[in-house]
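Have the viewer open as you read.

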Amino acid sequence: MKPLRHEMILASAGSGKTFALTDRFVALLAGGAKPERIMALTFTRKAAGEFFDEILKKIAGAASNPAQAAALAERIDAPQLGCADFLAMLRAVTGAMHRLRLGTLDGFFAQVVRSFPLELGLTGDFEVLQEHAARVERQRVLQRMFARTGGLAPAQQEFIEAFKRATFGREEKRLGAQLDGFLDDFQETFLAAPLREQWGNPARIWPDGSPWFEHEGKLSDAIAELQAALALRELTDGQRGRWATFFAALPTWAPGMELGDLEYMLKNALAVWPALEAGDAVLTVDRKKIALEPGECAALARIVAEIVGGEMQRRLETTRGIHAVLRSYDEVYHATVRRAGKLTFSDVQRLLMPAAGGPRLAQGDAFDDEAQRLQIDYRLDAETDHWLLDEFQDTSFGQWSILRNLIDEVVQDTEGRRSFFCVGDVKQAVFAWREGDPQLFQEIYRHYNAMVPGAIEQRPLVDSWRSGPPLIEMVNAVFGADEVLAELFPGSASALWNSVWRAHTSAVPKRNGQAALLHAETEEERWAATLRILQELKPLERGLTCAVLVRKNATATALADYLRHYGHLPAVAESDLHVCTDNPLGAALLALMRAAAQPGDTLAWEHVHMTPLAAVLAAENILYPENLTERVLGQIHADGFERTVEAWLALLLPRLQPDAFTQVRARQFAAAAGLFDATGSRDVAEFVAFMATHRVRDAESAAVVRVMTVHKSKGLGFDVVVLPDWEGQTLESRRDGLAVAKNEEREVEWVLDLPPTLFRSADPVLSAHVAEEKADACYENLSLLYVAMTRAKRGMYLITKPPGKSASANFPRVLHATLEADEAMPVRVGQLELEGVWSAGDPDWHLAHPLHEAEPTHSEPAAESLAVAGLVQAPRRPARRPSDEHAGELAAAKLFALEGRGAADFGTAVHALFEEVEWAGPADGAGLGVKWAESGPATAEALACLRAPELAAVWARPAGAAEVWRERAFEIVLDGAWLTGVFDRVVVERDAAGRVVRATIWDFKTDRVETEADVAAAVARHSGQLNLYRRVAGVLTGAGEGAVDCALVLTRLRRPAVIPRN
Amino acid sequence: MARVMPSPRRHFLPWDRPLLPQAAAWLAGGWEGGAPLDLSRTLVLVPTRQSGRRFREALAEYAAARGQAAFPPRVVAPNTLVALGVAEDTAPALESLLAWADVLRGLERGELGDVFPAGVPEGDVTWALQMAQQLLRLQAALAEGGLRLGDVAARAGADFAEQMRWAGLAELEARYDAVLAAHGLRDAQAAKITAAQAGAATAEFDRVVVLGTPDPLPLAIAALAAQEKVVDVVIFAPESESGSFDEWGRPVAELWARREIALGAFEDRVKLCADPAAQAGRAAAVARSYAVPDGLVALGVADPEVAPLLHGELARAGVAVFNPEGQPQRGEQLWHLLSALAALAREASFAHVEALARCPDFLHWLRARIGAGFSPAKFLKQLDDLRADHLPADLAEAQRHADSRELALVGELRRLLRTGEFPHNAVAALAEIFAARKLDLMRDADARLGESARAWTEVLHACAAAKERFPALGEAGWWDLALQLFGDTARAVEKPPGALELQGWLELLYEDAPHLVVAGLNDGRVPDAVTGDAFLPESLRVRLGLKTNAARFARDAYLLQAMAACREGGAVAGRIDLLYGKTTADGDPLRPSRLLLQCADAALPARVAFLFREPELAAETPAWTRAWQLAPRRAEPPAKVSVTSLKGWLACPFRFYLRTVLKMESVDPAKSELDAMDFGTLCHAALEAMGRDEAMRDCTDAATLREFLLAKLDRAVRRRFGDNLALPLLIQVASARQRLGQVAEVQARERAAGWVIEQVEQGFETEIAGLVIRGKIDRVDRHRETGAIRLLDYKTSDTAIAPQAAHLRPVRGDETPPPWVLVELGDKLRAWADLQLPLYRHALAAQFPGEVTCGYFNLPKAVGDTGLALWEDYTRDLHASAMAATEGVCAAIRAGEFWPPNPHIDERLDEFAELFHRGAAESIAWAGAAKGGGA
Ligand code: SF4
């Protein structure tokens, strides 16, 4: 085949990323690649599924349509191919469907781990922990750490110390919440940086030394010196007051406390810090300057360093404390959870990372790449020649470090048998919080081209097949305004953005539409404007798709409700809904369960009684907590939560005549209960916790306004998009939490619990770090806006508040500055006139899409008749197992006795011995006709029975023609039921003509029957079954039941007991 | 040279009608009735146990139609066949497991590095047992092809990459065999292989038939091939298809891989459903469309996700359903009781007691032992109270605080569990628990318990036997193992008359209902996919001659063809519906089964377009609708309240009603540390003691005060929580100590400044507007010189609070509170949020008629902020306003004014949040409190 270039595609939004990927896939096939040797990885399983569907559709289209075949052949540079070739290709791909390597990165990693468990120190298969399970595990680990039955274990002592340090000077009284918070916020950081020296280590943070820790001299001397010096100076009263306040506050302040009266002077001193250190500072106090003498400078510097250094020390200490807390936790967690084969996806990934010493998979130089690849290929039943990576901007450095060695080899392959291809858009890097790393793209490009010059080609795609010209105009105006952006975001954020930006073009120049920036002051007004626009455009009635994009899930839920409620629009929040608790029914059901399990929970009990469940309880005669506890706990333990819930719903719903929404929630509640049952737990508290956090995504449905977050809209396109949620604080705000500094190789250099702004901005290292974080945040926010603004095909409406005077670079400001939209003006959208600042395109564009009748949505299967008429029923009979069961009551304890099982063994053994006996003669011992090798209680019993005179008739061959059935199974239809059973022993006698004249059923009973009363009881117990047997024998012998006798053989008593006919 | 065995004889039963009746007739041969249909000397191999059951039923039916009954043949599935005729010394499953665990536990860290490159955790029992199970599974997989671990390296060929690893595994297996041999046992798989080679399985039969079994185990075939009887192979396919099957009736893989599957009216029969719920809905709809579905329609489910949904769907529609696979005992009541007992046996932690206490059978026992006086609800409440008040670590600790018969019985049960050895202690404990119980096996619930009990006893029996050979597991280990074995046992369920069975894919060949609906026809489900096995990748399976994916595909292609042909083949009327999903329940994409693509090449593009289309979208979701408003019980307003509750009324009268009148209070079943109230109470106890102690009142030495306070705190903590504080408590107590230590400093200063504690915990009652208010004043100080009085309340909240800020809050623009709540403070309008300190002053007005100051003694978490916060500018006017507000509040409470709720309460801090959805007022149908206001 023709050697393929390695390619990196920089695909702008809407430029046909999937199209490029699928073309590439087809090109590989056309070049002779086997489908199962192409590894195509993306981030979500949904995307992987769509990718596959697209490939098939593309090939199927080309296989059946010559024009499509020609176009495709052209694009993949294989003009010789025609329909027949594509048909063969289609067969090959579908035939290899189960072996295709189309999936997610997570899935691929999990598969590798699954194939190398022992290499990775796992026992065998592992379970991927889902949200609820992970929470339960966390609680268990904490309980384990907390439990104490004797003295304090050293690890516990250590933990307490660590915790004290982590909360330094702030005596927390709620440990649980605090710890949960630590784990939520810092656990991933800990796993990325497990080493003690990475946390709160001044030598790493300030490798060249920190000014705060290096000031000599006693503090008290410095204070005295400065006070003395100031006393001699000419100062205003205001200034004296400031100084006095400062000195008064100094002794009471300790690190960790609010600065209070210290703040003013500290701030001013830090403002001139370098000069202060240099011994030549002019300090502003009470709006007047004081030129300090070198001695005064030194003294003040000493005092400032004490304060700042003190706070820094405290933060270092806290950081180390947090690390120690996390380490204590992780030790227990590792030993009890990961070792037991319960892993999160990030655990899976970490197992494979080179630093973790993974399965010779990514150990680079130390291992022969070829052999390593072969081993992976062998274990995974797959050899990979070609790599296709999607959404590359979201790949994390960790993920890349795993793939790197596998792909290095490909890129170095000079024969062109193997290839590498990736697609991404660093302008859509909105997953930095998931470690997505937009820098990788360029790094890899440089890396490979340095390794093999010209190895990789980069190709930008800037033609949008999605957005019409007015939309592209707006996108270009906002994101191509390099100077404005550089001014708003000086530094690396705008530099990176401007370096990757390429002006977009619309590949659908005839696509008419409108892009506009509108104004509305409050959130309520923005929502109202959203509703008005949708009511004006009527996209759904015109067969257009429509979305409203917001930034938070909660907003999506609320806004969708708003649109449904006030506009009666079919709006669906594609956010995760807490379906079990967001409505009265679910809350009441949970209260019911709690009231049952915790009879002291008067809140739950009263709650239930405020609901229609009260009437159900009354009708069920559940009047006291007592009754409720017994009833509900009994149900839960017998049948699990789902069926318990179903049972209560069955009692409640008929009284309620519930609305459609409540019915949906009822179903969802029961289904969630079913999921919980799968965990095997019967614990009500766990159940309640599970249900409270259980979330369900509203179903994607036809002809609805989809309200979702920008993150979820990634990869999607809609005819109409409204963007009403772009307010908020500066784009540069960094995420809260610890500061984590990484080096080039993305290894964590240091971690620090950052001190407040005043302190950190005075420190060059920390302020540089914060600036970097801010730049990253800013870049990510720009990406978010870019994603949002590139979803629309025809109509895009941004609604923000006017930027106002604030200088901070928030979204409204970015939009207004880049669009140079200073003057408010009326913007027309259809017949509406709205306040706005910018508009392009045709306000009446929607009229080209005529309104049409609402299509009947979705036909219920019940509507059509699914039954086929005139079928012949296959025979189905109730099965009847003649059971040995005692009718009536039975002592339960007997069922649990081990001896019972011994008796059963004994019985089986005796039966087996009897089965060997055809006929046995008179009880002379010799004529028994058996030779039993083993002796034992069963043999003794059997022999005794053979010898017992009272049982002679059982074994004796009758005169005349006779046969014996031993342990004979039968199948029969009796009284319309199918009956299966086994005869112990039946003696069948025939007349000369061969007709059966008599049959005798002997049924062996080896249990403890000793008294006459026992005998009578045994006969009573078994007569039902044996009279049935009598009828069976009647049929089988053809002699009728009248000719069949039936008796028990009581082996203990060595006598028979006749079963009376009924 | 080996004996030359006779080739099997193949017979074809046409697939234009169902298999079952044909098969019965074929096996009956020329039998006409008159005598029983005696097939007892025949061995019949069928695909599964369930199909065997079906076949025996068909035989009964066949005989009945001729007025007779049958002595049935021995009907076995392949895995039973290979177990026939194994030698007596075959190791039971449990012994094999323990033997493996023995071997693995004996390994040294670096041993067998080719098998365990990451090393072996020496002596780790859990690891050993898990690994043992893994190796047993591996042995079983190999034995299907007649192989053992030791055979692999040689069989796989010299060019095989993992030679060393398998050599290591062979070495392990040799050790395992040796351990078994030392106990006179032999590995079960080895025994099967030997028996198969000897052809022992068929020894006691005259005739051997392989009936409609397209996929017997290779080992089963080997067993049949090794014996001398001629085997009849009955193939469900027309004679014309004879080339499509091999001599054992297996579909020829190469042929079926490509052949077209004839499915008439494809697009009508094959239905795309969005997700499992949609598949279940569709299948259920078909079943519901028949008045009596059983026997007319059959449901096959190839996707395990669909089965429970379909079950629920049908159950809701009133169609009886039945899962022939049975339910694992793990879901049964007994299993949960047993795991609670096992936990209690291992450790008498309080959590284990709580879990056990919620097992109905245990509660039954308590009732039996204690008699009519026993109340489960009271007992559970007692446990909750114990947890809330004392956070007991274990049973003994709980018993220290509650002298309860129930807890004593738990103790008794635990002693039983720990007397003697497993399993006898377990037996004794259960005998005790069920001592007084009578079961009526005709009752469903009792029958289930009986069935569980039997299965459990079986397990214990096996354990007792195994323990004699392999004792080294430890009590907890045996419990775990027994529970696991018991949990995995399936509880066989009888099919209720008329119930529809939910059958697995492999059962459907024997299904004879004319209308068949199969759900879950997705790739990976049918055919099922085996990928990425850590030991047996597909390439190795091929080398070893084990069942391959290609063979699975051929089998499933054949099954689908036969299922469709016998319904739509023309001889009898019928229909087949095939459902497949677009996504899983989690929304992950699914693909249609490859079987559905087995069409002529020319049809493939259209077929692909049809199968891979988007599903119809679900109808729109209904808008949020309130199912009901809550109707709170109408109770009379209280006659007496505490001072602190007034704050609650001011914050929200409705929540006051819930809290104070209806006394609604939730229980935190997971409480594991002090809550704010506990924390305060502990600190208060020490502070009160300080105030009561003559010497301390006059003490000005912080160190002495500190020592005293800490000693009192420790005593209070010990009295309430015992000596072994759990970790969170240790940390919390440390925090309390820190705060009290700071109090000592402040107290020493205050005393030195002349302030002497005059009274502590001074109780009072006062009536205002007909409402009695009671309270307790933490502390009253008098200045030694000036005689000034100040009233102090200790506050242990996290941040220091100022009295005025706590008592007066800003007024929101949109609210219109009653005028008596408002007060002008300087130029600002404020509303009373609390009335505690004014009421203290009011209550002690007679006692201290002079000027009185009041305030807080704060013990916040920032210890620097510890100290007094006095209400300095508390004026007479302010006091008058406060008293007016108090009058207003009291009158309102007496008048039953509890409406409307405050809409501005932060949901995260609202103890009643669960009652409210989209607005507190909107959630409630308020009818007022009960009238008549008691005395
Ligand atoms: S003031 Fe001195 S003498 Fe008095 S109690 Fe305190 S320490 Fe003892």
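The report below takes the chains in turn and then looks at salt bridges.

## Ground rules

This is a predicted model, in which local features need pLDDT of at least 70 and side-chain atom pairs count only at pLDDT 80 or more, while totals for chains, interfaces and linings use all residues. Residues are numbered from 1 along each chain as its sequence is written, chains are lettered from A and ligands numbered from 1 in the order in which they are written, and side-chain values use heavy atoms, with hydrogens and water left out.

## Chain A

Chain A contains 38 helices and 31 strands (DSSP runs numbered from the N terminus, with H or I over at least four residues for helices and E over at least two for strands). Its radius of gyration is 41 Å, well over the 31 Å that the globule rule gives for 1062 residues, so chain A is more spread out than a compact globule. That radius is taken over C-alpha atoms, and the rule is 2.2 Å times the number of residues to the power 0.38. The C-alpha trace of chain A spans about 140 × 85 × 70 Å along its principal axes.

In chain A, 54% of the 1062 residues count as buried (under 20% relative accessible area; exposed is over 50% and partly exposed in between, with a 1.4 Å probe and protein chains only). Of the contacts between residues at least 6 apart in sequence, 74% join residues at least 24 apart in chain A, where contact means heavy atoms within 4.5 Å.

## Chain B

For chain B the count is 35 helices and 25 strands. The radius of gyration of chain B is 39 Å, well over the 30 Å from the globule rule for 935 residues, so this chain too is more spread out than a compact globule. Its C-alpha trace covers about 120 × 65 × 60 Å along the principal axes.

Buried residues make up 56% of the 935 in chain B. Among its contacts between residues at least 6 apart in sequence, 75% join residues at least 24 apart.

## Salt bridges across the sequence

Side chains of opposite charge can pair when their charged atoms come close. Over all chains, a search of the whole structure finds 135 salt bridges (a side-chain nitrogen of Lys or Arg within 4 Å of a carboxyl oxygen of Asp or Glu).

One of them joins Arg746(A) and Glu443(A) at 2.9 Å, N to O. Arg746(A) lies in the loop between β20 (739-742) and β21 (748-752) and Glu443(A) in helix α18 (residues 440-451) of chain A, so the pair ties together parts 303 residues apart in sequence. Glu443(A) is partly exposed, at 27% relative accessibility. Arg1054(A) and Glu941(A) also meet in a salt bridge, at 3.2 Å, N to O. This pair links the loop between β30 (1044-1050) and β31 (1055-1058) to helix α36 (residues 937-947) of chain A, 113 residues apart. Arg1054(A) is partly exposed at 28%, whereas Glu941(A) is buried at 8%.

## A helical pair and a network

In chain B, the side chains of Lys381(B) and Asp385(B) form a salt bridge of 3.0 Å, N to O. Both sit in helix α17 (residues 376-390) of chain B, and being four residues apart there, they are separated by about one helical turn. Lys381(B) is partly exposed at 35% relative accessibility, and Asp385(B) is partly exposed at 32%.

Which residues are joined into one network by salt bridges that share partners? They are Arg876(A), Arg54(B), Asp294(B), Glu501(B), Glu511(B) and Asp512(B).
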